Amino acid sequence: MDETAHGIILRTRPLTETSLIVHWLTADHGRLSTVAKGAKRPKSPFRGKLDLFFEGDFSFRRSRKSDLHALREVKITAPHSEIRTDLPRFQLLAYTTRFIERTTEPDNPLPGIHAIFTTLLAHLDTHPARPALVYSLEMKLLNELGLAPALEQSPLDEATQTLLEQMSILNWQTIITLQPTKAQAEAVKKFLHDFLLHQLGKLPKGRETALEMP
């Protein structure tokens, strides 16, 4: 029996000469891996529908033998084309993907994390990447994972604690209007670097790259 979901494509990779493995982020099924058989053939119904950060509705049939399920149909609702031609935005989303992959297990519902990624994608469709988005992303994901830092017990001053609290709850559009001082920005960067290292043992790949804004 086929199941349906709304998802974002996190990764694709070849399986055979003609088929692809497509990794999705969904609300109800969490991270889900599917096989798009024949996707690289010229006349495939998947042709032009399977690219990084494409968002859409799809159906799949679960495998009884593995965690690779058969992709049946795909309808793209938002290709987010501008993002893939802008390196800073692409690097931010690549870091987001690695963060999620490092901190979650496949096939578990992730409605909150899916909402964070979906709204970030929509924001980046029309706005550039900024360091504040990286820090806000980290705070939002940590909150969703139940790993939020106890800011009142941190060495950060009260104003910087308030800044991080705002980053964890405000929407992306409001976050980019925040105006931290240079000292606050440096304090936030170091605090989250050290906190993530302590919680995860190793930083998700791509953090420094995501913070390198032109």
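Select Asp107 to begin: is Asp107 buried, partly exposed or exposed? With a relative accessible area of 32%, Asp107 is partly exposed (buried is under 20%, exposed over 50%, partly exposed in between, using a 1.4 Å probe and protein chains only). This is a predicted model, where local features need pLDDT of at least 70 and side-chain atom pairs count only at pLDDT 80 or more, while totals for chains, interfaces and linings use all residues. Numbering runs from 1 along each chain as its sequence is written, and side-chain values use heavy atoms, leaving out hydrogens and water.

Asp107 sits in the loop between helix 1 and helix 2 (helices are DSSP runs of H or I, at least four residues; strands are E, at least two; both numbered from the N terminus). Check its backbone too: phi of Asp107 is near 60°, a positive value in a non-glycine residue.

Now jump to His80, in the loop between strand 5 (68-78) and helix 1. His80 also isn't a glycine, yet has a positive phi of about 50°. At 5% relative accessibility, His80 counts as buried.

Next, the core. Pick Leu92, Leu93, Phe117, Leu137, Leu164 and Leu192: these have the most contacts inside the largest nonpolar core, which has 41 residues (a core is a set of buried Ala, Val, Leu, Ile, Met, Phe, Trp, Tyr and Cys residues joined through side-chain atoms within 4.5 Å). Helix 3 gives the most to this core, with seven residues.

Finish on Leu164: beyond its neighbours within four places in sequence, Leu164 is in contact (heavy atoms within 4.5 Å) with Met139, Leu151, Leu156, Val188, Phe191 and Leu192.
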